[in-house]
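User: Hi! I've just opened this one and would like to talk it through with you. Could you help me find my way around?

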Amino acid sequence: MAEAAESPGDPRTTSPRPLFAGLSEISISQDIPVEGEITIPMRSRIRELDSSTLNESVQNTIMRDLKAVGKKFMHVLYPRKSNTLLRDWDLWGPLVLCVTLALMLQRGSADNENDGGPQFAEVFVIIWFGAVTITLNSKLLGGNISFFQSLCVLGYCILPLTVALLVCRLVLLAKPGPINFIVRLFVVIVMFAWSIVASTAFLADSQPPNRKALAIYPVFLFYFVISWMILTFTP
Amino acid sequence: MAAVDDLQFEEFGDVATALAANPDATTINIEGPGESPKRPGPPRGSGREEDDELLGNDDSDKTELLAGQKKSSPFWTFEYYQTFFDVDTFQVFDRIKGSLLPIPGKNFVRLYIRSNPDLYGPFWICATLVFAIAISGNLSNFLIHLGEKSYHYVPEFRKVSIAATVIYAYAWLVPFALWGFLLWRNSKVMNIVSYSFLEIVCVYGYSLFIYIPTAILWIIPQKAVRWILVMMALGISGSVLAMTFWPAVREDNRRVALATIVTIVLLHTLLSVGCLAYFFDAPEVDHLPTTAVVPNQTVIAAKSS
């Protein structure tokens, strides 16, 4: 093969030979190897990575995703301006929080048919359609955040309100009365403020500067409605 | 450059005489220094200013043209809908302020909207109003029935969906009907002022803003206070609507114009009174048993004496 490559391009030949003219003179002998590795070292490394996530144990896969979700929860609880929540978005955390919230807020089956609290489906729809509407609103106003990144941030920032619901549930086990209500009101207000601060820290930078208030107000309305549902929850 | 030269009608004669002089020559017009004094007016750089010159220099025409040129993306692209959200924070605040302070003689659409109707205001004002009415109604019922032993607090979540249906239907169907009606009347009577559908939706949306603080103040369980609030809110938002639509129907038959304005205000009244009646319980309900008991006692005391 080397001879065939060199002979047509040989500058020392005086007469110009047609391309591949020397091919007919080559005969394949037994000692020229015609098989071997065709992998480049870099490509083999990538292929090794691919096969490693396919062949790893299920525990590794689950733990990796759980660690990513847990890291994002920490980012929500201690909001600093960082890009981790935005860059590697996932919707596991919002799904878990939304299902928890909807399961705990739904009214009981028998006694109040018409005038009770929200059903499971109503809470679910409010949270997801509320988040989608806010995302569409911020994109229509000219924000440069992607659709799923915004859903991810809004979903993860429901975490303080879920904590508030759990605390309210515990407080409601005690004797009902005005002190009970004031404790619940205080907890819900604090967690509502925490949610707003956390989501504003992540979302505000992606909006055009003269429309920030227009994009943040729907977030305020969204968390206010969820806080109202938590505050008025009676078992 | 060839496009600019195509619109220069006064040079046509030169080309014709040049062709007559030399039939074999091609008709490529190369600009020379001798030709520039012939151009009337300032030198034009782009073809767009030519269009404005040709179509008239009227300011309102230019704004109409620009408004028409703004929404040029096809309706299935995202950019088409982005043109409806092309407002800044201070513009939204200005429009809300304009809906709260109706100045006689000033038209809300001409003064504030100025061919830039937005959907942000109507949508989020209606959303806020839905939750304001539902939450205030719930709070007011809770406060009214506070001392009663037989009352068990319920969040009444079903009323949120009812409020949402009513308010969004009002904010979109009534402007649609009004727009259709104005279009029909415009085909019969030539009106100076005509509004697009989005401008009517915008006016209706911003005129509903006054009901948000009104709904919050309706928590006060006094009937007189509530009816005074209804009158004030109706006065303000009704006058905004009336002053906006009066120029559009003024040229028409007197009775039709008056009937239109009266219908607009009547529908607005129906919305506010309906919301008050449905979402807020009457505050005198718990007073009735006590007033019924007292005359009985006086009658028994009178009988026994």
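This is a predicted model: local features need pLDDT of at least 70, side-chain atom pairs count only at pLDDT 80 or more; totals for chains, interfaces and linings use all residues.

User: Let me pick B:Y204. What is it in contact with, leaving aside neighbours within four places in sequence?
Analyst: Its partners are B:Y170, B:V174, B:P175, B:L178, B:L241, B:F245 and B:I264.

User: What does UniProt list as transmembrane region in chain B?
Analyst: The unreviewed entry gives residues 119-140, 160-184, 196-221, 227-249 and 256-280. In the model, residues 160-184 of chain B are 100% helix and 0% strand, with 36 Å between the end C-alpha atoms. For residues 256-280 of chain B, the values are 96% helix, 0% strand and 36 Å from end to end.

User: And which residues does the record give for the Yip1 domain?
Analyst: UniProt, again in an unreviewed entry, places "domain: Yip1" at residues 100-272 of chain B. That span is 73% helix and 0% strand in the model, and its end C-alpha atoms lie 16 Å apart.

User: Switching to chain A: how many helices and strands does it have?
Analyst: You'll find 10 helices and zero strands there. Of its 235 residues, 39% count as buried. As for contacts in chain A with a separation of 6 or more, 69% are between residues 24 or more positions apart.

User: What about the accessible surface of chain A?
Analyst: It comes to about 14300 Å², and carbon and sulfur atoms account for 67% of that. One nonpolar patch on the surface is made of A:V58, A:I62, A:M63 and A:L66, with about 370 Å² of accessible area together.

User: Where in chain A is A:M63, and why does it count as partly exposed?
Analyst: A:M63 belongs to helix α3, residues 58-77. It counts as partly exposed because its relative accessibility is 36%, and that class runs between the cut-offs of 20% and 50%.

User: OK, salt bridges. How many are there over all chains?
Analyst: The count is six. One of them pairs A:D90 with A:K72, at 2.7 Å from N to O. That pair links distant parts of the chain: A:D90 is in the loop between α4 (84-87) and α5 (92-105), while A:K72 is in helix α3, 18 residues apart.

User: Are those two buried or exposed?
Analyst: Both A:D90 and A:K72 are buried. In another salt bridge, A:R64 meets A:E56 at 3.2 Å. There, A:R64 is partly exposed at 43% relative accessible area, and A:E56 is partly exposed at 22%.

User: Which chains does the bridge between A:R211 and B:D86 join, and why?
Analyst: The side chains meet at 2.9 Å, N to O. A:R211 sits in the loop between α9 (178-203) and α10 (212-231) of chain A and B:D86 in the loop between α5 and α6 (89-100) of chain B, so the pair joins two chains. A:R211 is buried, with a relative accessible area of 11%, whereas B:D86 is partly exposed at 36%. Together with B:D88, they are linked in a network of salt bridges.

Definitions and conventions. Residues are numbered from 1 along each chain as its sequence is written. Chains are lettered from A and ligands numbered from 1 in the order in which they are written. Side-chain values use heavy atoms; hydrogens and water are left out. Patches are made of residues with over 30% relative accessible area and no salt bridge: like charges are joined within 9 Å, nonpolar side chains (Val, Leu, Ile, Met, Phe, Trp, Tyr) within 5 Å. Accessible areas come from the Shrake-Rupley method with a 1.4 Å probe; for residues, only the protein chains shown count as cover. A salt bridge is a side-chain nitrogen of Lys or Arg within 4 Å of a carboxyl oxygen of Asp or Glu. Helices (H or I, at least four residues) and strands (E, at least two) are DSSP runs, numbered from the N terminus. Buried means under 20% relative accessible area, exposed over 50%, partly exposed in between (1.4 Å probe, protein chains only). UniProt positions are given in the numbering used here, feature names are shortened, and annotations may be inferred rather than shown by experiment. Contact means heavy atoms within 4.5 Å.
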